[in-house]
Amino acid sequence: MVNDAASSLPDPGATSHEVLAHLQSGKCTTKALISEYLNFLETTGKRLGAVVEVFSQSALQEAEASDARRMAGETLGVLEGIPFTAKMNICTEEGTTDASSAMLAGFEAGVDATVVQKMRSAGAILVGKSSCDEFAMGASNESSAHGVVRNPWDESRVPGGSSGGAAALAGAFGWAIHLGSDTGGSIRQPAAFCSATGMKPTWGRVSRRGLIAFGSSLDQIGPLARDAKDCQIALEVLQGSDPLDATSLSFSESSKEPIRKIGWIRQGFGEGIDASIREQVEAARSILEKDGIEFVEVSLPTMAQANACYQVIATAEASSNLARYDGIHVGKRLSSNDLEELYSSSRSSGFGAEVRRRILLGTFVLSSGYIDAYYGRAQSVRQEIREEILSALDDVDALMMPVSPFAPFKIGERIDDPLALYACDILTVTANLAGVPAVAVPCAFDNEGLPVGMQWLGKHGDDHRLLQLASLWQELNDTWKSVPQGGQS
Amino acid sequence: MAAESGMTEMGDRPVIDAELVRRTARLARLEVTEDEIPGLVDHLEKMLDLVEQLELTESKTSHEQLASARMDGEKLSLSKWREDVVAGESDPGGPRRPEKLGENAPDWRDGSFVTPRVVGGD
Amino acid sequence: MSWNTVVGLEIHAQMATQSKMFCACRRQAGAVPNSNICPVCVGWPGALPVLQGEAVRCAIRAAICLGCDIQELSRFDRKNYFYPDLPKGYQISQFYHPYALGGSIPFTRDDGSAAVLPLVRIHMEEDAGKSSHEEDGTSRIDLNRCSSPLLEIVSEPLLMSGTEAASCVRSVRALLRWVGVCDGDMEKGNLRCDVNVSVMPEEAVEFGTRAELKNLNSFVSIERSVVVETARQIEVIEGGGQVVQETRLWDQDKEVTASMRGKEDSPDYRYFPEPDLPVVWITEDDIQQQSGSLPEMPEDRRQRWLKEYDFPEREVVPLLSRRENGDYLESLILEGVKPASASNWFRGEILKQLNEREERIEVFPVTAQSLALVIKAVEEDRISVATGKELLQKSLDKGSDLKTLLESTDEQVQDEGALGEWVDQVLSENEDAVNKIRGGDDRAIGFLVGQVMKLSKGQAHPKKVQELMRARI
């Protein structure tokens with residue numbers, strides 16, 4: 001076997017597909033690879049607060065088994081030997097799944113989510129669980145019961161959220177696939193903040209079974225990784241209808257042709273979007289234009305209402321989804337001889353402030369006397385947003401805009417102002433409301449050296465076409481290749 | 001069947017006060033302390049300012065919209081639904097053993113979930 | 001003043017599927033608590049409901065029987081409330097778009113006339129679990145029933161008495177059992193009923209304020225609670241008070257209704273579309289298919305039997321209460337038994353045995369085929385009725401095959417020579433009785449025939465014995 005394992009390991013910024021080739025050529029063993037990745041998690045991963053649990057023992061055992069399979073010439077999975085992590089709100093047989101909430105402290109699901117099963121079947125090796133905002137509610141990863149997560153490019157700044165742990169890992173180091181979830185931008189916004197590639201698939205393309213629900217009609221599991229090709233391989237593995245999720249479906253692309261015509265969303269570059277972000281994304285447009293991609297201006301006026309619409313629908317669904325944490329069947333309990341008191345004291349002590357705020361708003365917008373004016377109206381606007389997006393996509397192959405209106409901010413900067421945090425989502429929630437796929441890619445670094453991301457939205461089912469476009473971008477521009485100095489272990 | 005609802009126009013914006021916060025918290029089974037209430041009133045106020053942006057441009061009323069939501073979405077014919085078959089212990093979908101399901105419950109005794117005395121019920 | 005009672009029904013019928021509505025756990029009453037539960041019905045984080053098709057097929061059959069308008073598209077909604085037997089904190093139900101609208105329940109008025117109770121709708125929903133109270137001040141929660149498939153049949157309000165309300169529920173139960181949709185055991189809780197009661201002066205046109213009586217689980221409680229609640233409301237109004245719209249509980253032992261909610265706010269269920277389930281799509285083909293799979297309905301069977309078998313009306317009615325009973329009876333006829341004796345045997349012997357054994361005909365150990373052999377033997381005078389019944393009893397007691405028992409039974413002796421010897425012997429041993437008969441007192445003849453039967457160990461043909469006896473006396 002390989003004696004000097006370290007010297008033959010892939011580069012820290014290598015993609016999963018490069019690592020696959022590396023393993024295939026016998027330059028290192030899976031065990032050496034996984035061992036080094038575990039080392040990264042234990043040092044950098046933990047320092048950043050990005051990883052909550054590391055499954056060293058089982059991961060090394062699986063790596064050995066994978067090496068044995070490779071030696072024996074057995075059929076190997078498409079992600080054979082590739083390390084992967086699951087967000088703390090995705091159930092795994094091993095370890096705990098607490099959605100980064102005190103409410104679920106120590107909850108052992110005892111079963112893998114469908115996506116985790118699929119990754120394992122493809123030969124990938126579960127190495128740990130990544131931190132996230134409590135119940136995936138947040139855009140800064142400051143509301144996790146496991147502490148703040150730091151941005152690998154500037155550790156005084158937030159990594160974005162709610163899949164902040166996954167994005168910090170993907171931004172800091174290569175090799176792995178990270179499973180995140182995106183309800184209003186929770187994959188794309190942290191990917192943009194950490195200079196990773198992340199995708200939110202078409203709603204229903206990937207099974208939600210085993211994902212701790214936040215806003216079910218918006219939630220979607222997706223991959224975060226180094227580049228679009230990694231995401232593409234991961235999505236091939238993750239997608240498909242699941243008998244345990246009645247809303248999961250098999251999709252096909254609307255066309256086999258690559259994307260050549262992109263709609264430039266005027267509202268994505270207007271008021272509230274930092275100039276430096278606008279400039280970087282405009283520069284990216286010029287690069288793509290030089291390659292022959294055609295751009296047309298499109299206007300999506302209802303996007304102005306998207307965030308309000310999202311706040312109502314996401315919190316309404318959350319208020320219902322989180323009702324199950326009642327101190328009786330699962331979750332934390334504060335003992336009481338009175339049932340009503342048990343309910344409210346258990347729920348109040350188990351949920352953090354942000355989660356409680358959202359449950360309160362969600363309960364209010366559904367309550368008698370207000371449901372039509374708030375929830376009903378939001379449903380109506382959601383329908384309009386969806387129709388507007390789909391009609392815009394009749395004329396173009398994809399739509400383009402920045403991911404975040406501003407660069408990664410300092411830890412603590414917005415924590416006392418919930419509405420300032422909600423502003424992070426204004427450009428991302430549209431894809432969730434319309435159920436369409438969206439891919440976020442590193443676009444550039446601003447003059448402070450902070451990552452800037454951009455995103456494309458496509459028609460329902462056009463996930464792979466979007467990833468193809470993202471791959472083209474990543475051939476034309478190598479921003480995504482950078483690895484932060486502190487990120488190397 | 002019509003939901004009971006009085007308010008359909010955005011014009012009659014509700015007054016957000018301590019009582020509304022308390023009532024909503026009770027409905028959500030959340031405890032709110034008197035200290036927290038002003039902050040929550042303020043938060044709800046701001047959120048409703050944001051939500052006021054929602055304009056109804058469709059001809060349908062918001063109640064009709066609520067009723068018809070998702071009706072044009074994915075529909076599943078009878079043959080696509082699950083078959084009426086009882087799963088075995090090892091079937092996918094997680095543990096089917098009561099002791100395993102009880103392990104994560106706060107109070108599980110003699111094969112049952114335990115709560116303070118439940119009033120009513122059957 | 002004269003008052004009328006207005007009654008509306010909400011009938012909850014658990015559908016007779018193998019597995020639960022939204023998960024693959026066994027649907028089973030009376031199992032060890034929490035022995036049929038999984039992450040879905042316990043509401044574990046990450047678990048998702050998946051509807052099963054057979055429940056929808058059952059629901060379609062129920063809607064056909066009750067004459068409802070089945071909707072091509074229907075949707076599930078979440079009904080949100082906290083209760084320990086509801087682990088998700090919401091019940092998956094159909095609120096905005098139920099799968100069936102309209103329809104009616106046929107029932108019999110107290111005066112014997114036929115009537116119908118119009119329906120508003122039927123919707124599908126999941127059942128909740130059960131809580132039981134312990135002496136230590138706690139409650140134990142059993143989630144076995146959680147997520148079992150339910151139909152909720154909601155009627156319009158109608159002028160009705162308590163007995164008529166019970167008659168409606170009986171009618172629904174009979175229909176749902178008939179088509180195999182619901183077992184209809186009220187004592188097991190798979191058929192339950194909420195009753196809305198209001199009163200109005202006889203000449204009034206507007207309904208009064210209603211009270212909702214929850215979870216009535218017997219016909220007696222439906223009937224009595226309507227009567228008692230009517231009286232209570234009249235008393236309230238005549239005493240100058242007003243009836244409050246509220247939920248009340250029926251106390252079977254004390255025969256009173258009591259207000260259920262005290263300080264608690266009126267419930268606010270916050271119904272909204274269930275995002276975890278696609279829209280239910282029922283095509284015309286699906287309806288045709290279920291329609292085609294329905295058994296002959298009770299009314300059709302009644303008409304046919306009256307015509308084909310010439311049954312008296314009073315015999316037919318009890319035979320229609322359960323489809324399987326009629327199926328058994330009809331199998332006897334198909335095996336060659338005369339309709340009249342099939343009916344006599346069924347209403348007499350079989351129903352008696354089923355009652356004693358607390359058993360349903362589906363699991364009755366004697367097949368119609370073998371029983372038909374016995375009844376035919378009786379019809380053909382090869383054995384006596386008494387012997388036939390004894391054979392049936394013996395077969396049931398010892399679990400032995402009825403056909404074998406029949407084959408090893410001596411047929412009745414009809415030979416006049418053999419019978420004559422027994423008759424002569426009895427006559428000579430009972431001179432007193434013979435003299436009485438000769439003196440015009442005919443009652444003793446029965447006694448003498450009985451003596452012959454005893455002597456012959458039941459093998460003598462009683463009719464022939466009597467004939468011979470009369471000839472000789």
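## Helices H8 and H10 of chain C

In this predicted model, helix H8 (residues 323–334) of chain C crosses helix H10 (residues 368–379) of chain C at roughly 55 degrees, and their axes come within 9 Å. Helices (H or I, at least four residues) and strands (E, at least two) are DSSP runs, numbered from the N terminus. Axes are lines fitted to C-alpha atoms, for helices over the stretch in contact, and angles run from 0 to 180 degrees between N-to-C directions. The angle makes H8(C) oblique to H10(C); angles under 35 degrees count as roughly parallel, over 145 as roughly antiparallel, 65 to 115 as roughly perpendicular and the rest as oblique.

The crossing of H8(C) and H10(C) is right-handed. A crossing is left-handed if the near helix is turned anticlockwise from the far one by less than a right angle, and right-handed if clockwise. H8(C) contributes Tyr328(C), Ser331(C) and Leu332(C) to the contact, and H10(C) contributes Ala368(C), Leu371(C), Ala372(C) and Ile375(C). Two residues are in contact if their C-beta atoms, placed from the backbone, lie within 7 Å. Of the residues in this contact, 6 are nonpolar, 1 is polar and none is charged. Ala, Val, Leu, Ile, Met, Phe, Trp, Tyr, Cys and Pro count as nonpolar, Asp, Glu, Lys and Arg as charged, and the others, Gly among them, as polar.

## Nonpolar cores

A nonpolar core is a set of buried Ala, Val, Leu, Ile, Met, Phe, Trp, Tyr and Cys residues joined through C-beta atoms within 7 Å. A residue is buried if 20 or more other C-beta atoms lie within 10 Å of its own, exposed if 12 or fewer, and partly exposed in between, with C-beta atoms placed from the backbone. The largest core has 257 residues, and Val127(A), Cys309(A) and Ala59(C) have the most contacts inside it. Helix H9 (residues 306–321) of chain A gives the most to this core, with 9 residues.

Leaving aside residues up to four places away in sequence, Cys309(A) touches Ala378(A), Val381(A), Arg382(A), Ile385(A), Leu433(A) and Leu54(B). A second, separate core has 20 residues, including Leu332(C) and Ile375(C).

## Where chain A meets chain B

H9(A) packs against helix H2 (residues 37–51) of chain B at about 125 degrees, with the axes 8 Å apart. H9(A) and H2(B) are therefore oblique to each other. Ala308(A), Gln311(A) and Val312(A) in H9(A) meet Met47(B), Leu50(B) and Val51(B) in H2(B). This contact has 5 nonpolar residues, 1 polar and no charged.

Across the two chains, 50 residues of chain B are in contact with 58 residues of chain A. H2(B) gives the most to the side of chain B that touches chain A, with 7 residues. That side divides into 25 nonpolar, 14 polar and 11 charged residues.

## Chain B as a whole

Chain B has 4 helices and 3 strands, in the order α-α-α-β-α-β-β along the sequence. Buried residues make up 30% of its 122 residues.

## Ala258 of chain C

Ala258(C) is in strand E16 (residues 256–259) of chain C. Ala258(C) counts as exposed because it has 9 C-beta neighbours inside 10 Å. It touches Arg248(C), Leu249(C) and Asp251(C), not counting residues up to four places away in sequence.

## Conventions

Residues are numbered from 1 along each chain as its sequence is written, and chains are lettered from A and ligands numbered from 1 in the order in which they are written. As the model is predicted, local features need pLDDT of at least 70 and side-chain atom pairs count only at pLDDT 80 or more, while totals for chains, interfaces and linings use all residues.
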